[in-house]
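Subject: Structure for you to look at

Hello,

Here is the structure I said I would pass on. Please open it next to this message and go through the notes below with it.

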Amino acid sequence: MALLKITSPHAHTAQSTASVMRLVLLATTPGLIALTLFFGWGSLINILLAGSVAVLCEAAVMRLRKRPVMFYLGDNSALVTAVLLGLALPPLAPWWVVVVGTSFAILIAKHLYGGLGYNPFNPAMVGYVVLLISFPVQMTAWPAPLPLYAEGVSPPGFLASLQIVLGLPGAGTVDAFTAATPLDTLRQNSGLLIAQLYEQDPLFNLARWAGAGWEWVNLGFLLGGCFLLYRRVFTWHGPVAMLASLSLCAALFYDGGSSASHGSPLMHLLSGGTMLGAFFILTDPVSSATSNRGRLIFGALIGALIFIIRSWGSYPDAVAFAVLLMNFAAPLIDNYTLPRTYGHKKSRRATEKKE
Amino acid sequence: MRKVWDLIGGVHPPENKHQSVQLPIDVLPLPEKLVIPLNQHIGAPAKLLVANGDRVLKGQELAEPSGLVSVGVHAPTSGTISDISEYPIPHPSGMAARCITLIPDGKEQWIDHVGIDATYSFQDYSPAKLLEMIRHAGIAGLGGAGFPSAVKLSPRKTITTLIINGSECEPYITADDMLMRERAEAIVEGIQILSYILGGPEEVLIGIEDNKPEAHAALEPFVRDTHIQLVSFPTRYPSGGEKQLIQILTGREVPSGGLPADIGIVCQNVGTAFAVQKAIHFGEPLISRITTVTGRACSTNRNYEVLIGTPITHLLAHNGFDENNCSRLIMGGPMMGFTLTDLDIPVIKTTNCILAASWEEAPTPPPAQPCIRCGMCAEACPASLLPQQLFWYAQSHNHERLEAHNLFDCIECGACSYVCPSNIPLVQYYRASKGEIRKQAQEKIKSDRARARFEFQKARKEQEEMAKAAKREARKQAAEQAKTLSAGRGNKPQKNADMVKTAMARAAEHQASPAEQQARLERGIVRAESHLHTVEKRLETIRKEGTEQQQEQALAAVEDARRRLEDARSKRAQLNNTAGTSDTDKVMERLQASPRDTLEKKIASCKERIAVTRQKIVDSDDETLKAALTSGLEKQQAKLADAQQALAALPDNTPDTPVNQETTDAAANAIARAQARAAATRDLPAEEQLRQTVVALEGRIEKAKAKLDEARAGESEYVNALQAGLEKLQNKLLDAQQQLNTVTTQPSTVDDDTGDAASSAIARAQARVAELASMSEEDKLRETVASLKSRLEKARIKLREAEAERSEHVDSLRTAVEKLQVRLTEAEQQLAEYHP
Ligand code: SF4
Ligand code: SF4
C-alpha cells in the first residue's frame, strides 16, 4: 500500500458547507410557522415552488458548466436562496412570480457571477428586487393577518391557496384577502397621532407590540437567528449592528409619536422583513463584509438605509434595497477593516503597498 | 493564581490523548541499525568527525557543530559506522540528506563522560561554560522546529521571562505530558539551569494546558520552593505555539518579524529542559528522546524513550502496526505534522510523535467546495488573519494583497483548514504562496545585483575605452615623430614601400566586390529601417506612460536610429555613384587631394548638414526633440567654424599636391588596412570581432617576438623599445581575451552570476600566468601556495554559507573545497621539496 502524502492538518471538523446550509434552513422554521399561522399556506407554497425551481436551475447550470451535478447540488446553497426568497415574497403570489424570481436569482445573480462564493450580490434579494420593480402590484398584495378576518370568514385552505397561486379558473383572487401592512399603514397615515393610530386601526389594536401577525413572524425569525448565533454559524456583529442602528434611527425620528412620526423602534424591529433581513439576509457570508469590524459597519449602514427608505423612499419595505446597496460597498469596507494581526501595532489596509 | 490571557481564535479538535498515556514510558530493544542525519536542526549541518568503518562508543560525537547556528550529533549506542551517504530524512518534502548509518554492537559501551561534579552545583560554572556544554551535547529545541538551544539561550537582549512550554496542544501527542509525569525532578533542575544561564529572569513560568492535571501535580512538589511558577490555562489549540503561549502567559505579543527575545522572553520546551539537565548533570549528550506512538493503525499506543536514528519501522513493528488499516502515517500531530511515505525514515531530535492514523481517524479528504466566505476560519485564526481573503488572493497570486493581509504572520497552525466547512486545504495555499513570494524576492535581489554589476561593467569598459583612445593618440604622435626621424635616415623608404604594397594587396584581398557591398548595404538599410520603426514605437508608448528620463532616452534612440538609416542610405548612394572605383582608389584619391580640397569638402558637407538639421527643427513640433536637434546643430556649427578656420589658416602657397610621398604611402597603407578590417568586421557580432582581435594580436605578438629576437641577435639599440612594445601587445591580448570572455558569457550574466564570476576568474588567472612567467620557480610555488590557501579559505566560507542556506550548490562547493585541499597539499609538498 502506498502511504498517502497529504498536507496538514490531518484532522477536520465534521461541519460541512451542506450542514451549515441545513442549519440555516432549519432555523427558518419558527418564522415559517408564524407566517403560515397568520397568513395561511401561501409562504409554504412559495417555498416549495421556489425550491424546486432553484434545484432545477442549479442542476441545469452545472450541466452546462460540465460540473458534477450532484456534488454541487449537495451543498444546499440553491435551496437556501430559494427558501429565503420564498419567505420574502407575499404569500399567495402567482406562481410565475415565484418562478421568475427564483430563476433570476439562481441563473443571473448567482451563476452568471461565477456561482457559489463569487456572487457579489445576495441572489435572493436580487430576485426580490427584480420582481418588485417588474410586478409591483403582485408584489405588494399581502394577505391580511388572521386576527383581521371578520368573524365567520376563514382564510383559504391549502388546496384553495394552491388554486389561487396557480391561477386556476374559479379559484378567486388574492385581492379578496389583501390588507395593508403596518408599514403601509404608517406611511399613509397623515393626520393621526401614533397613539390614535394604534387605537383605531385593527392592525395595531389587535396586536401586542407592533402589528398583528407581523410581530410574531419577526419574533419567529429572531428565534431562528438566535439559534444560528448559538450554533456559531455567523457572528453577532452584522445583525446586532443592523438592529441597533435601525432602532436608533427610529428613536431619533420618533418625534414623540406625532402624526409626522415614522413609528417607534419596536414597531420597526417587528415589522416587515426586519428580522428575516437581520439574521438571514445580511448574514449571507458571500456578499457581506468579511471581518467582524467590517460587518459592524456593514450592518449598521444597512439598518440606517432601511429606516431611510422606509421613511422617505417610495417602497414600503426596504430590506432588499438596503442589503443590495451595501453589497456594493462590502469590498470597499473590507479594504479598510482588516483586523489587527498578532504582533502588529495596528491594523493595515488591504490596499497598502509593501513598505 | 496567576492571571492568564485568552488565546485569540483557536479550535477544539478531539484530543485523543488518553490512548497513549495508559502505559508508562518504555524503552525499545536496540534496532538493527540507526540512521543518523547530520542535520536534524535549523542551521548548518554538523561536520563529520568519523569515517566509514569506525567503531564508535555510545555518546561519542559523530559530527560537530559547523557554525554558530549548528549542533553536533552523537552516537546513540556503541557500534560500527557502516555507511555515510544520502537517505530520506524526516522532512515535509521527503528529501534526502547525508546520514550516518550505525550498526549497534549491543554492548552499549559509553564513552567517558562527566557531568558536573557531585560536590559542585551548576552555579559553580559560568553560564558561558554551561552554554558550551549544551552546544556540544547536540541539543536543539525538542518541541518543534529544532532550533539550536545554545543560540536561543544567548540572546542579545536582557531576558525578563523564561517560559517553559509544557502546553502540548496538538491532539494525540503525549510525549511532553508523560515526560512531565515521570521525570518532573530532572525537568525542574533543567529549568533552573536554563534560568541560571539566562542570568536569572524575573519570572520563570511553566505553561501547561488544563487537560494535563497529572503532569501539573507531578511538577508541583518540585517547584514549590522555587521561583518557578506553574501556570495552567484552558485547553485550546494552538496554545502551545510559541507566540500564542507567550500571549496567554504574559498578555504580550511578539512583534511581527521579531523574536520573543525582543520583548525579553525566551521560550523552551520541557523536553529541552530535560535534555539540558542530562547534559549538564551527567554529561550525556542528546541521543534519545520521548516519542509518542499512537493512532488506531497501531494496536499499542504509548510513549517510548527512543534512540535518535531509530527507523520508524522498528517503532511500528513493536506496536502492532497494521499497514492496511493505516490511511496516513504522520510525523508530528494531526494539525501540523507531515505525512511520511517511507517507513525507513529515522526518528530525529524533533520527532515527538508518530501517528499511524486509521481510515476512520483520517479519511481521504473530500474534494474542496467553493469558499462560502462564512468566516469560520477567521474566527479560528489565532493570528487574527482573514484566512478567506488570504485564500482568495492566493488563488489569484495577488502577492501585494497577500502581504498587505499579513500572510507572513500565518503560523501555519491549520486551525482555519480544520474548521473550514468547504474542506479547503487553506494552509497548503499559504505555504505555496509564501514560497512563491520568497522566490520572487530572491530573484529580485539577484536581478538587482546583476543589473548593478552590468552597469558597473559598462562604466568600466567606457573608461577603458577612453584610456585606450588617449593611448592611441599618443602612439600616433610618437609614430609620426619616429617617421620624421627615419625619413632622415634614408634606409627605410624601400622597406616602407614594400610594406605598403603588401598591405594594399591584403586590403584588396579583403575588399568585398561591389555587388557584395551593395547587398550588405541593402541589408543594413532594411535593418536600420526596422530598428527605427521599433524605437519609434517604443517612444510612442513611453510618451504615454514613461518617465521624462525614459522619454529622453527613447528620443535619443530614435534620433540615433534615424541617423543610422540616413548613413546607410547615403552610403548606398555613394556606392552607386562610385561603382567601379574600389575603396582603395578612393583612399588614394582622398589622400592625394590637397588639404584645401579636403577642408572645402568638409565645410560643404557641414553646411549641408546644418541646413538639414535646421529644416528638421522647423518641422519638428516636439520640444524635447527640438532641444536635442538644436544641440546637434550647435555642434555642427562648431565643426564648421573649425574647418573654416583651418582653411583660413592654410597658407595660400601650400602646394596642391601631397607634401610627402612617404607619409602618404604609410598613411594610405594604414587607412587601407583599417578600412579593410573595418569592412570585414563591420557586420560581425561583437564576439567575432573580439575573436579576430585576439587572433590578430596573437599574430602581432608573434611578429614582435621575432623582431625582438632579431634585434637581440643584432644587438640593436631598439631591444628595449621592442621589449616594451611586446609587453604592451601582450597586455592588449590579455585585455582582448578578457573582453572576449565577458562577451561570450554576457548573455547569461544578466541572470547568472557564475558566468561573470567565471570570466573574471579566467582573466585573473591569465594575469597570474603572465605574472608568474617572470618569477622564479620558488616564488611561483610560494605564490601558488598562498593563493590556494586564500582560495580554500574563500571556498570554505562559501560552503558554510551555502550550508546555512541549504543551497543546492552545497555538494559542488564541497567537492571544490576538497579538490583545493588536495592541490594545496601538493603545492606545499613541492615547495618543501624545492626548498630543502
Ligand atoms: S472557513 Fe472555509 S468556506 Fe468559510 S470563509 Fe473560511 S475558507 Fe471560506
Ligand atoms: S494556518 Fe495561518 S491563517 Fe490558518 S488559522 Fe493558522 S495562523 Fe491563521
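Val240(A) is found in helix α14 (residues 237-252) of chain A, where helices (H or I, at least four residues) and strands (E, at least two) are DSSP runs, numbered from the N terminus. With a relative accessibility of 41%, Val240(A) counts as partly exposed; buried means under 20% relative accessible area, exposed means over 50%, and partly exposed lies in between (1.4 Å probe, protein chains only).

Before the rest, a note on the model. This is a predicted model, in which local features need pLDDT of at least 70 and side-chain atom pairs count only at pLDDT 80 or more, while totals for chains, interfaces and linings use all residues. Residues are numbered from 1 along each chain as its sequence is written, chains are lettered from A and ligands numbered from 1 in the order in which they are written, and side-chain values use heavy atoms, with hydrogens and water left out.

Surface patches

Val240(A) belongs to a nonpolar surface patch with Trp236(A), Leu296(A), Ile297(A) and Leu301(A), and together they have about 410 Å² of accessible area. Patches are made of residues with over 30% relative accessible area and no salt bridge; like charges are joined within 9 Å, and nonpolar side chains (Val, Leu, Ile, Met, Phe, Trp, Tyr) within 5 Å. The areas come from the Shrake-Rupley method with a 1.4 Å probe, and for residues only the protein chains shown count as cover. Helix α17 (residues 292-312) of chain A gives the most to this patch, with 3 residues.

Chain B has a positive patch formed by Lys471(B), Arg472(B), Arg475(B), Lys476(B), Arg700(B), Lys703(B), Lys707(B) and Lys728(B). For charges, Lys and Arg count as positive and Asp and Glu as negative, while His and the chain ends are not counted; the place of a charge is NZ of Lys, CZ of Arg, CG of Asp or CD of Glu. The largest share of the positive patch, 4 residues, is from α13(B). Lys471(B) lies in that helix and is exposed, at 51% relative accessible area.

A patch of negative charge gathers Glu462(B), Glu464(B), Glu465(B) and Asp735(B) on the surface. Which element gives the largest share of the negative patch? It is α13(B), with 3 residues. Glu465(B), which lies in helix α13 of chain B, is partly exposed at 41% relative accessibility.

Salt bridges

A salt bridge is a side-chain nitrogen of Lys or Arg within 4 Å of a carboxyl oxygen of Asp or Glu. By this rule there are 29 salt bridges over all chains.

Lys157(B) and Asp262(B) meet in one of them, at 2.9 Å from N to O. Lys157(B) is in the loop between α2 (149-152) and β9 (161-165) of chain B and Asp262(B) is in the loop between α6 and β12 (265-269), so the pair ties together parts that are 105 residues apart in sequence.

Arg183(B) forms a salt bridge with Glu305(B), and the closest N and O atoms are 3.2 Å apart. Because Arg183(B) lies in the loop between α3 (175-182) and α4 (184-197) of chain B and Glu305(B) in strand β14 (residues 302-307), this pair ties together parts 122 residues apart in sequence.

Backbone

Most residues other than glycine have a negative phi, and most peptide bonds are trans. Arg232(A), however, has a positive phi near 55 degrees, and Glu108(B) has a positive phi of about 50 degrees. Arg232(A) is exposed, with 66% relative accessibility, while Glu108(B) is partly exposed, with 31%.

The peptide bond from Ser8(A) to Pro9(A) is cis, with omega near -5 degrees. Another cis peptide bond joins Tyr237(B) and Pro238(B), with omega about 0 degrees. Pro238(B) is in the loop between β11 (228-233) and α6 (242-250) of chain B.

Regards
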